[in-house]
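Here are a few friendly notes to read alongside the model. Have it open as you go through the points.

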Amino acid sequence: MSASKPKLAMYWAASCGGCEIALANINEVLLEVDHHFDFMFCPCLLDTKTKDIEALPDGDIFLTLFNGALRTEENREMAELLRRKSKVFVAFGACAATGGIPALANQHGLQHMLDTVFLNAPSVENAARLIPQPICHVTDGELALPAFMPRVLAVHEAVSVNYTMPGCPPEPEQIIAVIRHVASGAPLPPLGTWLGCSSRAVCSECPREKRGVLAARLLRPYEGIPETGWCLVEQGFACLGPATRGGCHALCPTANMPCTGCYGALDATADPGASALTALAAAVDPGKLAGKNEEDLHRRLKDALSGVADPLGTFYRYSLAATVLAERKPEVEQ
Amino acid sequence: MTRRITIDPITRLEGHGKIEIFLDDAGDVSSAYFQIPELRGFESFCVGRHAEEMANITNRICGVCPEAHHMAAAKAVDAAFGVPCLPAARRIRELIYMAFFVTDHTTHFYCLGGPDFIVGPDAPASERNILGVIRKVGVDIGLQVINCRKRNHELIKRLGGRGVHLCGALPGGWSVALSEEMRRDFLHCAKENIDFARFSLKTFDDIVLKDQAYLDLMFSDLYRHETHSMGTVDAGMAPNFYEGRIRVVDTLGNEVALYDPKDYLSHIAEHVEPWSYLKFPYLKKFGWNGFVDGQESGIYHATPLARLNVADRMATPLAQAEFERFFDTFGARGKAANGRNLPVHQRLATHWARLIELLYAAERMQELLEHPEICDPAVRQVVEAQAGIGIGSVEAPRGTLTHHYETDVRGVLTKVNLIVGTTNNNAPISLSVMKAAKGLIKGGVFSDGILNQVEMAFRLYDPCCSCATHALGKAPLEVNLRAVDGSLLDQQVRG
């Protein structure tokens with residue numbers, strides 16, 4: 001390891017470790033990473049501590065890949081620390097970009113989560129109704145746990161982010177491309193760019209053929225067996241490919257499964273769920289509506305959308321932090 | 001003066017963790033705590049979701065072992081909707097799952113747990129990683145490790161749609177059929193895996209079993225705990241990672257439970273401590289009696305070692321031979337009062353047990369691929385959602401994994417409970433960290449090597465972090481010695 005190499009850091013907040021595995025899955029290219037960078041912080045791989053990062057001059061780390069959403073105060077503090085210490089700070093993966101799966105917790109709120117896990121789970125025996133606390137006194141002293149934030153945040157909601165690299169997780173070949181670009185010393189793209197993905201929809205990478213057909217209604221994946229080679233949306237499956245950024249090479253539709261939108265909305269400034277809903281609504285033809293009475297209209301629309309019993313989990317699966325829907329006002333909860 | 005040693009964060013662990021060690025006036029350890037400072041709450045936010053999407057949502061619990069959650073979720077939904085899985089799809093699920101076991105166990109042995117043996121528990125910290133392993137055993141083996149991960153992740157991607165967070169599970173089926181071309185490729189992969197597993201066992205022999213110092217360490221009391229053991233077994237009482245009944249044997253090798261995973265609530269409960277976000281499961285039969293081991297304690301472990309302890313045999317021939325040699329080495333084969341093997345309580349033997357499981361998984365891949373029905377194109381069926389209860393269970397590499405769902409008529413989840421692999425071992429890890437700390441830190445004296453041996457106490461449980469295939473660079477660890485008020489008394493940095 002040489003001090004002259006640019007420093008590379010990877011950190012996880014509220015995440016699953018899949019981003020680290022995606023990095024590990026660049027396989028032998030890891031040796032290239034080691035050649036070009038001083039890979040110096042990554043709790044998953046290396047034993048470097050937070051204190052070592054605190055001791056660095058500001059801006060000393062060239063590139064930080066920050067994955068995970070912000071669930072605890074510790075997550076937020078680490079985002080702030082690494083932002084300060086890094087020249088280039090990348091929100092890496094769906095959780096960092098828009099909240100990802102952990103941000104689904106914003107639907108019910110924090111107290112619901114604590115009650116469900118520690119009081120109401122059928123396997124829990126907790127007569128004393130104990131919920132873990134930020135500070136706990138034990139025989140020999142005090143033990144601390146990080147406090148939770150009231151809601152899960154995407155990283156850009158807490159610190160300024162230079163670039164976003166989407167995906168759950170980002171695909172290894174995209175990681176390779178980005179890392180090679182940075183290592184080459186070539187100029188970096190304009191700030192705010194979404195890296196390692198396409199500006200076109202997943203459909204543009206999908207091997208399935210579009211025939212210009214509208215589906216009669218939306219289907220859950222188990223309600224039909226899709227015809228090989230034919231667009232899933234046109235067959236009625238709630239595939240979010242039309243509204244989702246490409247870059248994954250349409251992995252899920254290629255495996256006969258609908259895209260779930262992990263690379264994020266095509267237009268980063270639009271509401272992700274509304275965009276996906278609109279795209280699918282445009283793909284469904286509930287039949288002629290002109291001249292129908294209100295009851296008939298209602299029934300047809302209901303049938304057409306019965307394949308989505310969970311609009312939130314379908315259309316906002318990875319994005320419930322960075323949307324107005326995530327704002328959970330205490331007075332509303334009351 | 002009371003002092004404390006804080007190790008925060010514990011690294012090379014899937015997720016976040018820390019250890020707090022309190023010292024008494026004499027500088028001996030009075031207590032030690034293994035704390036988990038994170039919680040995302042899947043049980044809460046999965047309510048309201050489409051049941052069939054749980055395979056794709058819960059695999060995000062862990063990016064290291066998404067396959068385990070994917071399979072447990074698929075099985076729970078099969079049960080909730082009342083649809084048996086199509087035979088070829090069932091074999092494909094298990095095939096993918098075995099490839100996953102091979103890559104996961106490989107990573108732990110060579111990159112996480114292994115360096116402590118291959119390089120040595122007291123070796124300089126900068127050597128105790130995969131690079132040190134490669135220096136000790138050669139570059140060729142490092143590439144073999146990378147290639148093993150690569151070929152099995154490729155299988156998972158071709159058949160499961162994605163390399164991480166696969167997407168193939170459907171109620172009663174799978175989304176991709178196995179072609180003859182894939183079968184040929186994967187048979188080759190399975191054979192390479194078998195060779196690699198045998199090679200890994202030989203490496204363990206050469207480096208650990210033939211070294212008296214390591215043998216002494218493995219047999220020492222420092223890492224020995226008598227707890228009950230849990231694992232999934234088939235009808236012949238051999239371990240099966242994809243399906244079967246849960247067997248629990250006590251500290252003496254007596255079977256104390258054998259149950260269908262759907263009955264888990266009759267056997268398992270979870271204890272809550274205010275100082276950790278991770279719960280502590282225990283056996284209801286014995287109850288929660290605090291952090292103690294022994295025959296009367298409710299604490300059990302669910303690990304590769306536990307799975308060998310509950311088994312009467314292995315289902316494949318090469319793994320069976322290793323299984324016999326394993327219990328012979330500990331003088332435990334057929335030595336229980338009931339004629340079963342005595343459970344092995346030396347926790348460091350978990351590393352060895354993991355390699356025997358690696359060999360089994362590789363052999364099982366070959367068996368599955370040789371089955372005439374595995375290429376049957378009928379892998380997907382049209383089913384109907386229903387209101388129901390579904391409990392799905394698999395053996396994750398790091399313990400028995402249970403998903404419990406309740407659905408309404410639309411197939412939307414109304415209740416979710418999860419007991420995850422590592423959670424089973426939360427109490428035993430706490431015991432092991434406490435015992436190692438107490439045995440190793442005396443009179444306030446500790447060194448880098450000693451602290452590493454404390455860390456080895458949790459590392460043997462496989463801290464769910466398979467991504468260290470490279471771990472290039474230095475690996476320093478800082479330990480702060482603090483007064484009770486938090487002021488820094490002493491600091492030691494290794495690396």
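1. How many residues of domain 1 of chain B are in contact with domain 2 of chain B? In this predicted model, 13 residues of domain 1 meet 13 residues of domain 2, where contact means C-beta atoms, placed from the backbone, within 7 Å. Domain 1 covers 3-38 + 426-494 and domain 2 covers 225-345, with bounds from an automatic or database domain assignment.

2. On the domain 1 side of that contact, β3 and α15 (426-440) of chain B each give two or more residues, and α15(B) has the largest share, 7 residues. Helices (H or I, at least four residues) and strands (E, at least two) are DSSP runs, numbered from the N terminus.

3. Now to the two chains. Their contact takes 82 residues from chain B and 77 residues from chain A. Among the chain B elements that give two or more residues are α7 (139-160) and β14 (413-419).

4. The largest nonpolar core has 256 residues, and A:Phe66 and B:Ile92 are among those touching the most other members. Such a core is a set of buried Ala, Val, Leu, Ile, Met, Phe, Trp, Tyr and Cys residues joined through C-beta atoms within 7 Å; buried means 20 or more other C-beta atoms within 10 Å of a residue's own. Helix α4 (residues 87-112) of chain B supplies the largest share, 15 residues.

5. Not counting residues up to four places away in sequence, A:Phe66 touches residues including A:Tyr11, A:Phe89 and A:Val155.

6. On conventions: residues are numbered from 1 along each chain as its sequence is written, and chains are lettered from A and ligands numbered from 1 in the order in which they are written. Local features need pLDDT of at least 70, side-chain atom pairs count only at pLDDT 80 or more, and totals for chains, interfaces and linings use all residues.

Technical notes
Two residues are in contact if their C-beta atoms, placed from the backbone, lie within 7 Å. A residue is buried if 20 or more other C-beta atoms lie within 10 Å of its own, exposed if 12 or fewer, and partly exposed in between; C-beta atoms are placed from the backbone.
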